[in-house]
Amino acid sequence: MDAREAILARVRDALGRSQTEPAPPVPRGYRAHSDVVPGSGEAVDLLVDRLVDYRANVHRCREAELADTLGDLLGDVGSVVVPPGLPPEWVGAATAGGARTLLDTADEPLPNAALDTAGAVLTAARVAIAETGTIVLDGEPDQGRRAITLVPDRHVCVLHARQVVATVPEAVAVLGQHPHRPMTWVAGPSATSDIELIRVEGVHGPRTLDVVIVT
Amino acid sequence: MTTFLGMPRVAPQPATAPQDPLRWGPDFPTAAHETLGNGQMRTNLRHATRTIRDKRLRMVSELPDWEELREAGSAIKHWTMSHLPELLVQLEENVTARGGVVHWARDAAEANRIVADLVRATGESEVVKVKSMATQETGLNEHLAAEGITATETDLAELIVQLAGDMPSHVLVPAIHRNRDEIRAIFTERMGDAPADLTSEPRALAMAARAHLRAKFLTARVAISGANLAVAETGTVSVFESEGNGRMCLTLPDTLITVMGIEKVVPAFQDLEVFTQLLPRSSTGERMNPYTTMWTGVTPGDGPQAFHLVLLDNGRTKALADEVGRQALHCIRCSACMNVCPVYEHTGGHAYGSVYPGPIGAILTPQLTGMGTRGATDPHDPTASLPFASSLCGACYEACPVKIDIPTALVHLRNRAVESQQRRLLPTGWEAGMRAASAVMSSGSRFAVAARAAGLGRIVARHDRIARLPYPGSLWTGVRDLPAPPAQSFRTWWKEHQADGATRPAGAPSPGSTAGNEA
Ligand code: SF4
């Protein structure tokens with residue numbers, strides 16, 4: 001008998017001895033929603049509060065101010081990694097101050113060494129969860145490969161207020177529409193507390209996370 | 001304040017490397033007696049457990065539906081165990097459909113062999129690893145080393161433990177038994193490329209580790225990980241972490257090998273909404289851990305283009321066969337039970353002699369190793385003393401995000417240990433149990449602390465249920481029903497039961513003998 005059959009047989013045998021009655025259905029009495037309306041000012045405020053708590057840098061602006069905000073943020077970084085599906089205006093704004101763009105695509109990925117020396121990476125996101133201060137990327141063309149938001153030391157992420165939901169279940173419902181996409185949930189910059197429980201930001205991921213929220 | 005005087009030589013803790021990661025060292029009472037003498041460890045531990053405990057309480061109280069989430073988490077796990085064969089087959093189908101390869105391993109040796117073969121097939125002799133309880137349990141690193149493959153742990157604490165030649169002492173903060181000066185010494189002596197002027201500032205130490213590992217991450221072609229959960233319905237596998245070393249391992253190499261206990265499967269994608277809320281808050285006391293990665297098979301152009309999932313039994317089906325004990329398989333390894341356990345706080349993780357310490361270790365380890373399932377338990381099997389390593393205060397049950405009733409499982413397994421010993425007509429298991437209890441309860445102040453920390457009032461509240469337990473559980477309820485349990489009562493009780501025939505073995509801590517260790 002191969003290992004697969006052996007393990008499945010053991011599992012069935014074990015259940016035969018320990019399973020006295022059928023498992024009850026899962027009670028889902030927890031909150032799917034909260035009073036905070038997705039996309040509302042309240043949702044954005046809550047998200048900002050959480051992000052600041054994680055020591056992310058938060059910048060709020062109107063659509064018309066986005067180019068200036070990005071220009072200010074990325075003017076002096078030298079080079080910016082961009083995924084292929086980023087709105088051209090964002091790329092233009094990011095490079096207006098003289099930064100070089102490094103285009104990364106699945107077909108022509110930048111080598112890790114190039115990502116390592118890049119000044120920053122600029123992406124969009126799929127959804128953000130206000131209650132937990134979490135931004136989720138799901139690998140679509142405006143977010144790019146997982147590596148590009150990991151190796152550069154600074155990640156600038158642009159969110160629209162309409163993408164901000166209040167609760168985790170609301171975000172999982174959005175993500176569940178395409179469950180097979182590779183996902184990265186980000187809550188603040190990389191951090192460790194492994195030495196005497198003292199928090200140190202930035203071990204391996206980006207040490208700086210800038211979140212630009214467009215309202 | 002500690003003063004750093006010169007360069008201490010790094011001595012591994014514990015001193016001897018384990019043959020079997022699930023079962024090493026002496027039995028709990030002997031090991032506890034040793035670790036109780038380690039003042040550094042206990043100072044660190046007390047600070048860590050209290051800090052995490054407080055943070056956790058704050059984060060949990062923020063959610064109005066915490067109890068409903070626990071109910072759901074518990075029920076999902078129960079449902080999962082009850083449908084495990086179908087779910088595992090479904091998971092395999094979905095991972096395979098997305099370009100992954102699924103392997104099955106009956107035990108640690110088989111899992112290690114599969115992984116070593118997969119690594120060898122890539123032609124590589126170096127791999128990077130993200131912290132994984134499953135591969136610690138199988139002793140994978142040692143096996144790979146014997147096969148000429150170097151595995152580098154990339155979680156900061158695991159790296160410290162690996163460089164020091166240590167065993168982890170906590171599930172969440174494995175190097176909590178080391179302080180910053182020791183860590184500086186470990187890096188300076190063992191890391192090879194530590195900066196000459198390395199200080200013992202945590203930030204400086206973390207940055208030294210970053211620099212040390214960066215080159216490895218950027219060039220590694222093979223990575224090995226564990227998994228926090230896997231969704232049967234979609235084939236999605238997930239790792240929760242903080243530092244980004246997980247993302248490095250999970251996305252940069254060409255080949256990813258994930259080793260996962262068969263109990264880690266969950267039925268539906270929707271179930272993620274329960275565990276992504278329960279796990280971080282219970283574990284690190286954060287609303288969300290900094291990074292969670294989810295992947296399904298292979299994504300063309302993004303991340304590893306070869307993905308192997310190894311499904312590990314290694315005793316899990318033995319646990320599943322026990323009607324009461326099988327709930328230990330619901331564990332999501334958050335470590336909350338360790339941080340509230342008065343026994344763990346005093347003895348530290350190494351006393352449990354297994355990669356799974358604390359309350360969950362006390363019920364999981366003996367089941368994985370099959371205590372009492374095949375005739376009598378070997379009287380020298382250290383895991384048989386683990387179910388006795390508890391004051392039964394119930395704090396672990398209160399803290400557990402998936403509502404594992406650890407106290408009831410402990411008593412049930414004590415019974416199993418004792419019955420198995422009775423088959424041998426030797427009182428060894430019971431004796432070891434008494435010694436385990438004495439390690440904590442022998443000191444009046446220590447037990448008082450334990451009782452206070454745990455909220456002893458609960459015991460009385462749960463009296464009805466506990467009181468119905470059969471022998472030897474009934475003996476314990478006799479002790480636990482005392483409204484105020486001073487050491488005096490325990491000693492009196494101990495004396496009485498010694499008279500019943502259980503003699504205290506030579507070298508066992510006698511009541512009061514370890515009181516001097518109480519800081
Ligand atoms: S038993 Fe419960 S509290 Fe302990 S580690 Fe497992 S899930 Fe967490």
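Ala, Val, Leu, Ile, Met, Phe, Trp, Tyr, Cys and Pro count as nonpolar, Asp, Glu, Lys and Arg as charged, and the others, Gly among them, as polar. By these classes, the lining of the largest pocket has 18 nonpolar, twelve polar and twelve charged residues. The model is predicted.

**Largest pocket**
- The volume of the largest pocket is about 900 Å³.
- Its lining consists of 42 residues, and those nearest the centre are Lys131(B), Leu172(B), Phe240(B), Glu241(B) and Ser283(B).
- Both chains contribute elements that each supply at least two lining residues: strand E10 (191-192) from chain A, and several elements from chain B, including helix H2 (39-61) and helix H12 (272-283).

**Second largest pocket**
- The second largest pocket holds about 710 Å³ of space.
- It is lined by 35 residues, with Pro21(B), Gln136(B), Gly139(B), Glu142(B) and Met167(B) closest to its centre.
- Two or more lining residues come from each of H6, helix H7 (140-146), strand E3 (150-153) and helix H8 (156-164) of chain B.
- H7(B) gives the largest share, five residues.
- The lining of the second largest pocket divides into 13 nonpolar, 13 polar and nine charged residues.

**Thr123(A)**
- Thr123(A) belongs to strand E4 (residues 120-123) of chain A.
- Thr123(A) counts as buried because its relative accessibility is 0%, and buried means under 20%.
- The side chains of Thr123(A) and His155(A) make a polar contact at 2.9 Å.
- Beyond its neighbours within four places in sequence, Thr123(A) is in contact with several residues, among them Pro83(A), Trp90(A), Asp142(A), His155(A) and Val158(A).

Technical notes: Residues numbered from 1 in each chain as written. Chains lettered and ligands numbered in written order. Predicted model: local features only at pLDDT ≥ 70, side-chain atom pairs only at ≥ 80, totals over all residues. Heavy atoms only, no water. 1 Å grid on protein atoms, 1.4 Å probe; cavity = no way out; pocket = protein on both sides within 12 Å on 5 of 7 lines; lining within 4 Å. Points joined across faces, edges and corners; volume = space filled by probe spheres on them. Helix = DSSP H or I, 4+ residues; strand = E, 2+ residues; numbered from the N terminus. Buried < 20%, exposed > 50% of the residue type's maximum accessible area, 1.4 Å probe, protein only. Polar contact = N/O pair within 3.5 Å; in protein donor to acceptor, adjacent residues only side chain to side chain. Contact = heavy atoms within 4.5 Å.
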